[in-house]
Amino acid sequence: MNVLGIETSCDETAAAVVSEGRLVRSSVVSSQVDLHARYGGVVPEIAGRAHVELLVPVVEEAMARAGLERPDAVAATYGPGLVGSLLVGLSAAKGLAMSWDVPFVGVNHLEGHLFAPVIEEPGLEWPLVVLLVSGGHTLLVEAAAPGRYRLLGQTIDDAAGEAFDKVARFLGLGYPGGPAIDRVSKDGDRGAFTFPRAMLDEGYDFSFSGIKTAVVRTVEREPSAATADVAAAFQDAVVDVLLTKSARAVRAVGAKGLCLGGGVAANSLLRRRAPEVVAVPTYLPSLAMCTDNAAMVAAAGSFRLAKDGPSPLSLAADPNLFLEFEPELEP
Ligand code: KG4
Ligand code: ZN
């Protein structure tokens with residue numbers, strides 16, 4: 001069973017073909033990062049227009065690389081994300097499914113991220129704790145099995161990636177901020193400053209807006225502070241909070257592993273420290289699988305198709321879609 005996946009929820013136009021739910025036959029990602037960089041963030045109007053231009057060549061490339069004329073199903077992200085961007089991939093997927101006369105299935109972008117380790121780790125053991133950290137989300141999830149989730153905690157304000165992006169912009173490091181902070185931190189002294197670790201000792205929720213303010217105050221107070229030191233101390237504090245709570249969740253749930261997902265899971269300090277902090281195996285998706293891609297959408301789509309069947313062609317884009325949690329797993 002070959003599933004064509006399409007992902008256009010934010011600023012990556014992506015298409016991929018996945019067979020048997022986890023074998024990636026092709027994965028093409030066209031990043032619009034250069035288009036948005038000079039605005040310091042994703043401009044929704046520009047993103048939607050760029051998806052319209054890029055989607056057909058990206059889909060053609062994914063199909064050609066997979067050596068396929070017609071897939072057995074088409075999956076597309078229908079939320080959460082920018083509505084104008086979601087609509088491009090979603091409408092194209094429905095049209096393609098109709099013209100090929102194959103099933104269409106809508107995919108929750110967050111569930112897509114949860115399938116990245118399924119693709120890359122054949123030996124995954126459940127239950128898992130998944131730390132999903134992207135530009136829009138910071139979630140700590142218990143996954144009892146694929147598709148069976150319980151929310152343990154989430155951010156009460158900014159997402160972790162958003163904090164990276166805002167602090168990077170303030171430090172003049174450009175966009176996207178996460179990779180820039182990661183890069184300059186390598187030359188910095190993370191002990192030069194101690195930034196607040198909000199809610200460190202309480203449960204599984206996160207808060208990242210205070211640390212952003214603390215960085216601004218510190219630089220205003222010490223204008224000569226080395227940017228690399230500030231970046232390194234900021235990154236250290238964020239990673240510390242993310243991993244302290246992940247380790248706590250792993251212990252509480254009795255998880256057999258910790259998975260990282262989302263763009264912030266590309267962070268080199270987070271990746272290096274995760275195996276040191278938790279006692280169970282840590283699954284770190286490749287960088288390409290951490291950030292937005294369509295292989296994870298095709299994998300999640302294969303799963304949803306087998307479990308729930310095709311989605312109706314009337315399925316609407318839902319910019320605020322949240323993960324569905326299993327009632328029997330709710331605390
Ligand atoms: O999952 P993603 O590609 O898009 C969504 O938000 O869905 O995540 C993008 C986020 C951005 O905030 C970016 O700054 C962050 O991931 N990011 C990183 C790194 N690479 C990307 N944050 C920290 N360190 C990195 N190396
Ligand atoms: Zn994402």
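1. In this predicted model, the zinc ion (ligand 2) has three protein residues as donors: His109 and His113, each through NE2, and Asp292 through OD. These donors lie 2.0 to 2.2 Å from the zinc ion. Along the sequence their spacing reads H-x3-H-x178-D.

2. His113 belongs to helix 4 (residues 109-120), while Asp292 sits in the loop between helix 10 (287-290) and helix 11 (295-308), so the pair ties together parts that are 179 residues apart in sequence. Both His113 and Asp292 are buried, that is, under 20% relative accessible area.

3. What is the arrangement of the four donor atoms around the zinc ion (ligand 2)? The angles they subtend run from 92 to 151°, and the arrangement is therefore irregular. For four donors to count as tetrahedral, all angles would have to lie between 85 and 135 degrees.

4. Ligand 1 has 19 residues around it, of which Gly135, Asp165, Gly178, Asp182 and Gly263 come nearest. In the side chain of Asp165, an N or O atom is 2.7 Å from an oxygen atom of ligand 1. For Gly263 the atom concerned is a backbone N or O, 3.0 Å from an oxygen atom of the ligand.

5. Besides being a donor of the zinc ion (ligand 2), His113 has a polar side-chain atom 3.5 Å from an oxygen atom of ligand 1.

6. Five aromatic pairs are found in a search of the whole structure. One of them joins Phe164 and Phe234 in an edge-to-face arrangement, with 5.2 Å from centre to centre and 75° between the planes. The pair links distant parts of the chain, as Phe164 lies in helix 5 (residues 160-170) and Phe234 in helix 8 (residues 227-253), 70 residues apart. Both Phe164 and Phe234 are buried.

7. Phe322 and Asn267 are 55 residues apart along the chain, and their C-alpha atoms are separated by 24 Å.

Notes
Residues numbered from 1 in each chain as written. Chains lettered and ligands numbered in written order. Predicted model: local features only at pLDDT ≥ 70, side-chain atom pairs only at ≥ 80, totals over all residues. Heavy atoms only, no water. Donors = N, O, S within 2.8 Å, 3.2 Å for Na, K, Ca; no water. Tetrahedral: all angles 85-135°; square planar, octahedral: opposite > 155°, others 65-115°. Helix = DSSP H or I, 4+ residues; strand = E, 2+ residues; numbered from the N terminus. Buried < 20%, exposed > 50% of the residue type's maximum accessible area, 1.4 Å probe, protein only. Phe/Tyr/Trp six-rings, centres within 6.5 Å; stacked < 30°, edge-to-face > 60°. Near = heavy atom within 4 Å. Polar contact = N/O pair within 3.5 Å; in protein donor to acceptor, adjacent residues only side chain to side chain.
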